Amino acid sequence: MAAKAERTFIAIKPDGVQRGLIGDIIKRFEQKGFRLVALKFLQASEDLLKQHYIDLKDRPFYPGLVKYMSSGPVVAMVWEGLNVVKTGRVMLGETNPADSKPGTIRGDFCIEVGRNIIHGSDSVESANKEISLWFKPEELVSFKSCAFNWIYE
Ligand SMILES: Nc1ncnc2c1ncn2[C@@H]1O[C@H](COP(=O)(O)OP(=O)(O)OP(=O)(O)O)[C@@H](O)[C@H]1O
Ligand SMILES: [Mg+2]
């Protein structure tokens, strides 16, 4: 059960929201069989985004990245399931959409690295950090999906 309760932080970036891709993106995680744990629609503050991307603070694109991420509302989510961090990254595709295969979210829906529509945690450790940065503990919802025993053996 514990492995099946792994969690990741997924965010639909401002371009994904503006381009009307919220439903398509959520659908992929739902139909895969991952369980929604938390979801909110918000305009993130610059402070929150600076903290979220703190590991990239010395990269030349960091100021532009924070500006892009704060340029409109985002959908912040937590998804749960077996290997959801790694599988989530596979579903997203490569950081640069040009390297992302068709069938991945970035491969299907976007073109440039600076407008790559979605974020996904890159490790269990960063997932835990990001979840606690974006959500209060009481915003995380526990329930057993009625499909659980049809998704896991
Ligand atoms: N060379 C670049 N030029 C412009 N933006 C970039 C560049 N490299 C990365 N970014 C932006 O910074 C984000 C974070 O970069 P990171 O290296 O963490 O990639 P990632 O883990 O695939 O993406 P994310 O953390 O958003 O899921 C990228 O998703 C992209 O939006
Ligand atoms: Mg990253």
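Two rings of Phe, Tyr or Trp, the latter represented by its six-membered ring, are a pair if their centres lie within 6.5 Å. By this criterion the structure, which is a predicted model, holds four aromatic pairs. One of them is formed by Phe 9 and Phe 135, with 6.4 Å from centre to centre and 65° between the planes. The arrangement counts as edge-to-face because planes over 60 degrees apart are classed that way. This pair links distant parts of the chain: Phe 9 belongs to strand β1 (residues 7-12), while Phe 135 sits in the loop between α7 (124-134) and α8 (148-151), 126 residues apart. Both partners are buried.

Read from the N terminus, the order of elements is β-α-α-β-α-α-β-α-α-β-α-α. Among contacts with a separation of 6 or more, 78% are between residues 24 or more positions apart.

As for overall dimensions, the C-alpha trace spans about 45 × 35 × 25 Å along its principal axes. The radius of gyration is 15 Å, which agrees with a compact globule, because one of 153 residues would have a value near 15 Å. Of the 153 residues, 44% count as buried.

The accessible surface comes to about 8700 Å², and carbon and sulfur atoms hold 54% of that area. The protein carries 21 positive and 19 negative charges, whose mean positions are 2 Å apart.

Terms used. Residues numbered from 1 in each chain as written. Chains lettered and ligands numbered in written order. Predicted model: local features only at pLDDT ≥ 70, side-chain atom pairs only at ≥ 80, totals over all residues. Heavy atoms only, no water. Helix = DSSP H or I, 4+ residues; strand = E, 2+ residues; numbered from the N terminus. Rg over C-alpha atoms; globule rule 2.2 N^0.38 Å. Buried < 20%, exposed > 50% of the residue type's maximum accessible area, 1.4 Å probe, protein only. Contact = heavy atoms within 4.5 Å. Areas by Shrake-Rupley, 256 points an atom, 1.4 Å probe, with all protein chains shown as cover. Lys, Arg positive; Asp, Glu negative; His and termini not counted. Charge placed at Lys NZ, Arg CZ, Asp CG, Glu CD. Phe/Tyr/Trp six-rings, centres within 6.5 Å; stacked < 30°, edge-to-face > 60°.
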